[in-house]
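Here is a brief report on one chain. Look over the sequence and the model first, then read on.

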Amino acid sequence: MKYIFFAGILLSINFVFGQDKAETHYQLLDDAYKNLSATDSIGFIISEIESYALLYPNSKQEDELLFRLGKLYERENQHARQLTTLIKLILLHGESPIVTRSLQIMDSLIVFDPGLDLTEKEEEAIRQLGNHPSQKITGWHI
């Protein structure tokens, strides 16, 4: 029931608010993420964060939400999706302070998750992401 109410609030934001709708949408997602319990179903919040990333691709909170999305994928044991989300975070927000932690998580995934079935070249390419200076990419998203 609370998810239906949350969805109604999110939909109304898109119609009611002008320039502040991205910030308001973020605040609702932030509150929902912070109030998740171990027993909550997280499929809905994953869907909403994915939608936010599509609706507001250059928001100032996108790096934080991508990191949180990766953590939610981890909780759902969707390690391949977690890895691709963290790669996206690094490519789009290489200047973010969250990148260091993201690289550590990615390295752990590569080393300890045989289910990813990565080749040595793929593993090395992923590890190299942290060795290059960040570049601001604008106008498109992966």
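## Overall build

Residues 24 or more positions apart account for 56% of the contacts in the chain with a separation of 6 or more. The model is predicted. The chain has 7 helices and 0 strands. In sequence order, the pattern reads α-α-α-α-α-α-α.

The chain holds 142 residues, and 37% of them count as buried.

## Helix α5

Helix α5 covers residues 79–92, which is 14 residues. From first C-alpha to last, α5 reaches 20 Å. That is close to the 20 Å expected at 1.5 Å a residue.

Which residues of α5 are buried? They are Gln-82, Leu-83, Thr-85, Leu-86, Ile-87, Lys-88, Leu-89, Ile-90 and Leu-92. The cover over the buried residues of α5 includes α4 (62–75), α6 (99–112) and α7 (120–128).

An α-helix has 3.6 residues a turn, so residues three or four places apart point the same way.

## α4 against α5

The axes of α4 and α5 come within 8 Å. They cross at roughly 165 degrees. An angle over 145 degrees counts as roughly antiparallel, so α4 is roughly antiparallel to α5. The crossing of α4 past α5 is left-handed.

On the α4 side, the contact is made by Glu-62, Asp-63, Leu-66, Phe-67, Leu-69, Gly-70, Tyr-73 and Glu-74. On the α5 side, these residues meet His-79, Arg-81, Gln-82, Thr-85, Leu-86, Lys-88, Leu-89 and Leu-92. Sorted by class, the contact of α4 with α5 has 7 nonpolar, 4 polar and 5 charged residues.

Thr-85 sits in helix α5. Why does Thr-85 count as buried? Its relative accessibility is 7%, and buried means under 20%. Setting aside neighbours within four places in sequence, Thr-85 is in contact with Leu-66, Leu-69, Gly-70 and Tyr-73.

Leu-69 lies in helix α4. At 5% relative accessibility, Leu-69 counts as buried too. What does Leu-69 touch, not counting residues up to four places away in sequence? Its partners are Ile-46, Ile-49, Glu-50 and Thr-85. Thr-85 belongs to α5. Ile-46 is 23 residues from Leu-69 along the chain, yet their C-alpha atoms are separated by 6.4 Å.

## α6 against α7

α6 passes α7 in a left-handed crossing.

From α6, the contact uses Met-106, Asp-107, Ile-110 and Val-111. From α7, it uses Glu-123, Ile-126 and Arg-127. By class, the contact of α6 with α7 has 4 nonpolar, no polar and 3 charged residues.

## In brief

The chain has 7 helices and 0 strands. Thr-85 of α5 and Leu-69 of α4 are in contact.

Note on methods: Residues are numbered from 1 along each chain as its sequence is written. This is a predicted model: local features need pLDDT of at least 70, side-chain atom pairs count only at pLDDT 80 or more; totals for chains, interfaces and linings use all residues. Side-chain values use heavy atoms; hydrogens and water are left out. Helices (H or I, at least four residues) and strands (E, at least two) are DSSP runs, numbered from the N terminus. The expected span of a helix is 1.5 Å times one less than its number of residues. Buried means under 20% relative accessible area, exposed over 50%, partly exposed in between (1.4 Å probe, protein chains only). Contact means heavy atoms within 4.5 Å. A crossing is left-handed if the near helix is turned anticlockwise from the far one by less than a right angle, and right-handed if clockwise. Ala, Val, Leu, Ile, Met, Phe, Trp, Tyr, Cys and Pro count as nonpolar, Asp, Glu, Lys and Arg as charged, and the others, Gly among them, as polar. Axes are lines fitted to C-alpha atoms, for helices over the stretch in contact, and angles run from 0 to 180 degrees between N-to-C directions. Angles under 35 degrees count as roughly parallel, over 145 as roughly antiparallel, 65 to 115 as roughly perpendicular and the rest as oblique.
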